[in-house]
Amino acid sequence: MTNQRPDPDELLEKIQQEQTRQRHGTLKIFFGGCAGVGKTYAMLSAAQELRRQAVDVIVGVAETHGRSETEKLLTGLEVLPCQHIDYLGHALTEFDLDSALKRNPGLILVDELAHTNVTGSRHPKRWQDVEELLAAGINVYTTLNVQHLESLNDVVGRITGIRVRETLPDTVFERADEVTLVDLPADELLRRMKEGKVYLPPQAEQARKNFFRKGNLIALRELALRRTADRVDAQMREYRMDQSIPQIWQASDRLMVCIEPGPEAEQVVRGAARLASSLKADWLAVYVETPALQKLAAAEREAILRTLRLAQELGAETATLSGVSIGQTLIAYARSRNVSRLVMGSPRRSLIARLIKPTVADELSSHAKDIDLYFIGRGIQPSSDESMQNRRKGEAIAGLEFQSVKISRQRGYIWAVAISCLTTIIASFLVQRFDLSNVAMLYLLGVIVVSARFGRGPGTFSSLLSVMAFDFFFVPPTLSFAVSDTQYVLTFIVMMTVSLVISNLTSNLRYQARVATYREERVRALYDLGKELAAALTFSRIIEISIDHLAGVFQCTGVILLPDSHERIRVVESQKNDAIPETIDLGIAQWAYEHNEEAGFGTNTLPSSKAIYLPLKAPMRTRGVLAVVPENPGMIFLPEQRRLLDTFVSQIALAFERVHYVEVAQDALITMESERLRNSLLSAISHDLRTPLTAIIGIVSSLREQGHEPGQNGDKHLGLMNALYEQAFRMNSLVTNLLDMARLHTGKVQLNKQWQMLEEVIGSAIRTMRYALEQHHTRVNLPPDLPLLQFDAVLIERVLCNLLENAGKYTPAGSHIVISAEKKDDDVWVSLADDGPGLPVGMENRIFDKFTRGEKESAKPGVGLGLSICRAIIEAHNGKIWANNLPTGGAIFTFSLPIGKPPAPPSPEAGLPD
């Protein structure tokens, strides 16, 4: 009987979790495969039903996307007003978390859980808003698509060819109190798409060509169904555990194959894989390591490790368990994972042997009545070249171990003889004073000493020697093996039995103590590595720590290879001066890095190599490759050592990823501080220089308007005033740019949009920049049917002035500058072209960055802010700006402005206002 009493620690943890859950609100997710399946509709329908039950329900966010059926469901529900957040001068609406917390409803609807909030909101993600609502005790209904789960993001990207940027952690989905699947067949969804019930017609056509293809929809639907089924399965297993239900609930098929030592293990695994494939079921491959199996030869243990790898390659989830009884351990694990079918090889022992000692199959048949057992026949395994190579390889791996064990056993038998002789000599002095039964205890003491020090074999041999020596030297007639008194026969039997039992128990305790010591050493090695890696702050330090620990634990030479900027594996500079083995092949390392699989010695890829190449897999990406050249293969390829090596590799990869993101965070912090200081400097300089520059320009303008005396001196004075005016005008333009940039980055610019004609702003900009365009030919080409546009006239004039100044500055005298505009779909494109030298190659996009100039070390005035200001202003108007070189020579700068819906003109019947 197994102990079914619950663990007190687990009970306490569950009670604490239940108390925390009672204080929090409940989260219900309406889950679907993609947009348009009806998640928002189902959420609003459920809310209407609760409203009719007098539940306090409000709508925080409901994205109807213009669907009339969905909008009708908002009738009667209280809708929380959205907050308006200014972003780059544009007012955007967002969920008002503070108002929701202040309102404190019984239930709030928050649509699109994976939504990214506008910059300036309290939380960057909407699911974080929901967590705050739940912490305040407010129940939440929300919606989610399967492609927004972080763990499935790359899978969806490979299926659809589109990487979704808005994701949320899977833990948010797993912590939900209830998940309702909203499903719709692909054909039905496509029909709704054509009817305009998913997107508006222009968007629907584009979506149908890209994301909403039938194959994509089927795959997304399957992912949603599987993810929901996994959640339900986890809930069922948790319920069975909470209620202490040992029976298996065969709600779905799950297979588990038991891997046993022997050449037939691979055949059993392949048979289980075929069975799982035919049943469309998940399957597990489990190896139970008992104290007896820990004594297997290294070759057999290496074969077990290969079998586990084969099962993993065939799609199984593998596990290595420790236990005293294989059957009981398998039954307990099968019930914890809700396994309905257990697969293993057919029993090999005869019926008589099975009666003496039941097999694992007999134990499972007796105690696992709720699990279906499948036995796979063991065929005759031919002695193939591969199996012979594997056997030789295993023997080579464990050669040193066998040699040490053989020497230790020989020494044990010698000590068994010596201790038996010593015990006989001591007993000969005591036999005159003590009874023979007491003298026999000395021999038992000798058996214990030999068994504890040298194991079962020498202990059993010592037992036989002790009984024979006691009979020969002390039982009458002495110096013979004859027994005159039959009572001594019972003494011999008891003494022999006790000796063997003591020898066996002592040997087992000794072996288990040695195994526990080895496990403690492995845990200690892992702890030391993790402790030192946690304190490492540079890549070179991580490499140094890792190589030292690998050499000490695994007796090997290790090299860590990291990728460069072109994703090519290379040796890090800090290791180039060390003794790098010549057996390291960068080509194999590159293959392991690109395919994210191990290669080299002992693997299925290039096994003839003398080094093992292990990819450093981190949660986000593969960080490099660890190349290991073993000095003693047994220190790496034993199963427990290999598991320890895999754990080492994981720890090293995590350390690399942690340091990488620490550097990213430091760079981001430095960039933010630099931007803050730069903006503060721009603001201070522009405010301090603006006033005196304005006064200088006003004085010079007044002097010019007063005229000048004719003659040489008068002309000279006029020329000086013109030059002074031009330089003051340029400096004023520079300071204006600095002030505009400072205002744009501090978010203090408010757009004053009005409906107006574009040609008026263009004419005003040309008049303002007439001094910069005196030596150029400027022409305006605007179509007569150009619509009214809604924009901030002052800022758009600033854009045109900067573009005109830029054209006048970088084109030679006599160049032509043409301003034109045309209507493109829902936008108006405004272009400014010149026939100058054009833009430098590769600068078409970078020229809009701050402090970027078209010519380096140029004598032309300016600091490279004009075009950056243009981009910020245009993007604030929801437009775009770009630059290209013309095929005929020169450059063209183009920006777009949305047309929008201009106000309707007043009707003639309305008359004039009073």
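The legends below describe an overview and two close-up views of a predicted model. Residue numbers start from 1 along each chain as its sequence is written, and the values for side chains use heavy atoms, leaving out hydrogens and water. Local features need pLDDT of at least 70 and side-chain atom pairs count only at pLDDT 80 or more, whereas totals for chains, interfaces and linings use all residues.

**View 1. Overview of the protein chain.** The secondary structure comprises 29 helices and 25 strands, taken as DSSP runs numbered from the N terminus (helices H or I, at least four residues; strands E, at least two). Of the 914 residues, 41% count as buried, that is, under 20% relative accessible area with a 1.4 Å probe, protein chains only.

**View 2. Surroundings of histidine 123.** Histidine 123 lies in the loop between strand E6 (107-110) and helix H5 (126-135), and is buried, with a relative accessible area of 17%. Leaving aside residues up to four places away in sequence, histidine 123 touches Leu97, Asn117, Gln128, Asp129 and Glu132, where contact means heavy atoms within 4.5 Å.

**View 3. Packing of helices H28 and H29.** The axes of H28 (residues 793-810) and H29 (residues 866-876) come within 9 Å and cross at roughly 150 degrees, the axes being lines fitted to C-alpha atoms over the stretch in contact and the angles running from 0 to 180 degrees between N-to-C directions. H28 is therefore roughly antiparallel to H29, a term for angles over 145 degrees. Residues making the contact include Leu795, Ile796 and Arg798 of H28 and Gly866, Leu867 and Ile869 of H29.

Notes. Buried < 20%, exposed > 50% of the residue type's maximum accessible area, 1.4 Å probe, protein only. Parallel < 35°, antiparallel > 145°, perpendicular 65-115°, else oblique.
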